Structures are given as structure tokens and as C-alpha cells.
Amino acid sequence: MITLLDYGAGNVRSVRNAIKRLGYEVTDVSCPKDILCAEKLIFPGVGSFGLVMNQLAQDRYIDPLIQRIQENKPFLGICVALQALFEGSEETPGIAGLGILPGQIKRFKGGQLSVPQIGWNGITLHKQCSLFGDYTGEKFYFVHSYHASAGGVPGDWLLATTDYEEEFISGVCHGNSAAFQFHPEKSGAAGLKILANFLRNEEITLSTAGVFPTSIKTEFAKRIIACLDVRSNDEGDLVVTKGDQYDVREEGTVRNLGKPVDLAGRYYHEGADEITFLNITGFRDFPLSDQPMLEVLKNTSENVFVPLTIGGGIREFTASDGTSYSALDVASEYFRSGADKISIGSDAVYTVEQYLQTGQKTGKSSIEQISAVYGAQAVVISVDPRRVYVSSPEDSAHHVLKTQIPGPNNEQYCWYQCTVRGGREGRDIDVIQLATVCEKLGAGEILLNCIDKDGTNSGFDIELINHVKDHVSIPVIASSGAGKSDHFKEVFLKTRAEAGLAAGIFHRQEVAIKEVKQVLKNNGIPCR
Ligand code: 1PR
């Protein structure tokens, strides 16, 4: 029986699912005594440092946690739970951590690489640890803006470090207590192996016999994401569909490219680094009454151990019985059902329009509310822009760029207009306004679609991606237009996008994910 410290924030369903998948029962901590009595305790830290520490204090869990670790009882901390072992964090100054390890958690400075770090990275082991078995350089999934600096951790705790422009602590271990900055439950087979070793063995063993630190270079990987646009077809079944420039109907009927749970499972086994579901009719159907979509998420998270993003319909809503739901309520239900990140489309556009009128943050927008509770890294903005050609930069008040792809009347300039309601309605706001304000409001990542390119198989819109990347410091996912493996190579060689997303070529089995990865490897582009 494994005990889980779930204090109700974020996605702990995936940890639960991973434990169950490995054949163990899970019980929850319900009082301070459970922390001391648990045979094995897993603490999946989700949310901000302050939120975690305040919740632990409120539940009177701080002293038993410290006591458990001091008494050397099996303990595994994940992500913010590693950070909580330290004295405090720049994320929430003035709030004390558990103080088992010295020093403060710091924010990544950011430079060439985006903050948060979202994606797969390797580790350098500083000793042999039974949790890893024979480590041969597998990558693990990280998602964080704050980190413990390498150097400050006592040698008897130091287990693993990772480079992300600066070297940080990715693993600590002392006696039977271990904690990782990465998410084993989201790191595919490599992560499940760590969890299995923790669950199976009575004790964690450490040894410095051998050559340490290991010489394996840690390298941040470019992600390949499979995207599933989901909606009900005319028979009422939830299907994966795919449009051409957002038109998902063929001869009047909604294209059916397969069942969402089956396809997601297939992509996981084929090596997708992440899976995104977009509920493409979410703008008109209220997601919380869309139980089949929530079931899709729940069922997928039982079998898929890489990050899951879900978008569609994240906004406030008043149901027919008069009950009001905030965007945070909708997002929370998605997180509880297994999502690691949520993606906001139309509502982000309306939020930015309002912000541009006043220049004031209200704290009430979906982006701000969800980011405050779940962290910036959990909030993706899905942008649906289309090109608007102009003859000269003076012809528009928007962010205009000179393009190598002239317009129908040989125009040499264009700007990218944001749309809402699945591309049906253009708004007077450009992609740079949208991306920069969303970053300011607390978004952690941009999913950059392109209506002109969607479904065309003609390659990503390199100009658009560079245009956005030049204006934001959060990660950008390049989306729309992939037609062959070389398009991923092109996007990673010509832009600084952190991830490439595709739908049609994967659904139609024209290109396999492992083929894409092989092309990246052959061209020296790091990938998992
Ligand atoms: O506005 O918050 O309810 O979110 C709705 C979400 O649904 C948005 O993220 C929006 O992008 C998406 N969406 C709405 N309508 C459509 C449609 O296709 N009719 N799909 C749609 C957007 C675009 C990509 C696609 C890539 C790759 N799909 O996600 O997967 O373009 O395609 P490709 O590789 O085949 O070229 P809200």
C-alpha cells in the first residue's frame, strides 16, 4: 500500500495512475499521523512553493514530514516537493520551506533558453542509486521555472544535476528519502522504472564506487507533440478529426480519423513527447457538461505517461440552471481528470482585448486565475492566427513583417490576425499583442497554430514562428503545416521553437514519430 500526499492542487491523478499501473494500491494521507505511519510516502508537489507550504502548514503536515525524513522512512518527493526540502524560495519570499536542506530556491535567469523549462532533459548522476538501476542517459520530463542551484547541496544528499543554461539539482537522496525535480510519472518508461524501483525495494541503496559524476551530457530536447482535434461527429460519437485550414468537414460530414483514447495510446507507444487534445467545439459546448471528453482524458491518463494538454472551452460560463462556473473551475476539472496543462484559445483573445483598453491586470482573467493556482507552466495559450497582407508597414497599426511569401497582389508585408471560435471570427488584435500580453498575465507557453498552413502539409510558417519567438521568453510550440520529417528539422534549424506539433501526418500514418526523431538525431538536433 502506497500513501500519497495529495493536497488537492494540480494533476496527481497521473502519479496515482502510475502507481496503479505498477501493481500497487494507493491510499491518501488524511491526517498528520498518516505521514509517519505510511509504509512508503510519495509527495507529488504541484503548484507554487507558497501554495504547497501553506497547505502543508494548514494541514499540520510540516512536522511529521520533517520527522519522517529524519527517521529515514521511505519518502519520494516530486517537483515542488524537492524544492520544499529547502529553506525557502524566491517564488514566494517569506514563506519557509521544510529546511532539511540549506539555501533558497531560485528562478532561472533565462537567456537563450525559455523560462519555464518545459520538456525533456538528461541528468548527471553523482553516485550510483538503486532507483535508477543502470542509467544509460534516458531523458526525463521537467516543468519548472524555479530550481535548487547546484553547489549548495551537501554531498551526502547530492544525487543528480542537470544543465539548463545553469546547472541545477535534479535529484537528491539521503537514506530512504529521495526527491526529483523532474516528473517520473510523466517520463514514459524511464520514469516508471524509477517509481517501480522505489515501490519494489525495501531500501534505497547508494554507492560512489565507479566513475562519478557520470560523463553523460545533459541536453535539453526538442519535443515532438501529437495533437488530437476532438469533437462529436454527426452520429454523436466523440472522434479525432482534422481540418484543412480549420474546415473539418469533407462532403458535408465531419472527418473521422479515429478514437481519441486509442490514438493517444498509439502515439505514446510510438514515442510522442507530449499529447494535446483540443476540444474544437469547446467554444460553444460547455466542457463540464461534456462528460465524454472528460472520460477521454481520464482513460488516456491511465495508460499514457507523458504530459497531456487539453484545450477548448476554458472560460467562465453560466449553465442553464443559473449556476456560474469560473474558467478556474473548468480548468480544475480538466486537471482532476488527468491534464497536466490546459490550453486557452478564444478567451485569451478577449482577455488581451480588455487588457489593451486599460493596460491594467485585473487578476480575474482565466490566464491569471489558473496561473496563480497551478503555475505558469500549466497555462498554454493556443493561438489561431491568419495572415493579413498589406502593401506597406504604414498600412496597418499592427506588428507587420516583411515576408518572403508575397500576397495575392504581390504584397511584400503581412501581419497575423488573431481569431476566435475556431478561426471563424477575426479580431482586431495581432499575434504579437496576444503573445506578449498573455506572457505578462502569467501564461507559460504558446501553442502557435497557423490557419493558412493548417492541414496543407507544406511545412511550418517559419516567419510566424520567428516573429513570435522574438517577442516572448516563454516556450513556443510550432504547429500547423507539417507534411514530412524534414519539416521538423527545418523548424528546429531555422527557429528557436521548443517543440513541433503535428496532427494530420500522424493520424493518416504518413510519417511515424520515430522517423521524425531519427531525422532530428541525424541532424544533431537533441531529442528524446
Ligand atoms: O477557443 O479556447 O475553445 O479552444 C478551441 C481550440 O480548438 C483552440 O485551441 C483551437 O486552435 C482549436 N480549434 C478550433 N477549431 C478548430 C478547427 O480545426 N476547426 N483546431 C481547431 C485547431 C489546429 C491545430 C492542428 C495543427 C496541426 N487545430 O491544433 O492540430 O494545425 O495540424 P496539421 O499538422 O494537420 O497541419 P477555445
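Predicted model: local features only at pLDDT ≥ 70, side-chain atom pairs only at ≥ 80, totals over all residues.

A polar contact is a pair of N or O atoms within 3.5 Å.

- In the side chain of asparagine 449, an N or O atom lies 3.4 Å from an oxygen atom of the ligand.
- Glycine 481 takes part through its backbone, where a polar atom is 2.9 Å from an oxygen atom of the ligand.
- On its own the ligand has 770 Å² of accessible area, and the protein covers 98% of this area.

**The shell and the pocket**

- The ligand has 25 residues around it, and those that come nearest are Ser346, Ser382, Asp384, Asp454 and Ser480.
- By residue class, the shell around the ligand consists of 13 polar, eight nonpolar and four charged residues.
- At least two residues of this shell come from strand S16 (223–232), and at least two from strand S32 (499–502).
- The largest pocket is the space that the ligand takes.

**Aromatic pairs**

- The structure contains 18 aromatic pairs.
- Phenylalanine 132 and phenylalanine 180 form an edge-to-face pair, because their ring planes stand at 90°, and planes over 60 degrees apart count as edge-to-face. The centres of these two rings are 5.6 Å apart.
- This pair links distant parts of the chain, as its two residues are 48 residues apart. Phenylalanine 132 lies in the loop between strand S9 (128–129) and strand S10 (140–144), whereas phenylalanine 180 belongs to strand S14 (residues 177–180).

**Backbone features**

- Valine 115 and proline 116 are joined by a cis peptide bond with an omega of about 5°. Proline 116 is found in the loop between strand S6 (104–107) and strand S7 (117–121).
- A cis peptide bond also runs from phenylalanine 212 to proline 213, where omega is near -5°. Proline 213 is placed in the loop between strand S15 (206–207) and S16, and strand S16 also supplies residues to the shell around the ligand.
- Asparagine 410, a residue other than glycine, has a positive phi, near 65°. Asparagine 410 sits in the loop that runs between strand S27 (401–402) and strand S28 (413–420).

Key:
Residues numbered from 1 in each chain as written. Heavy atoms only, no water. Near = heavy atom within 4 Å. Polar contact = N/O pair within 3.5 Å; in protein donor to acceptor, adjacent residues only side chain to side chain. Areas by Shrake-Rupley, 256 points an atom, 1.4 Å probe, with all protein chains shown as cover. 1 Å grid on protein atoms, 1.4 Å probe; cavity = no way out; pocket = protein on both sides within 12 Å on 5 of 7 lines; lining within 4 Å. Sits in = over half its atoms within 2 Å of the grid points. Helix = DSSP H or I, 4+ residues; strand = E, 2+ residues; numbered from the N terminus. Nonpolar A, V, L, I, M, F, W, Y, C, P; charged D, E, K, R; others polar. Phe/Tyr/Trp six-rings, centres within 6.5 Å; stacked < 30°, edge-to-face > 60°.
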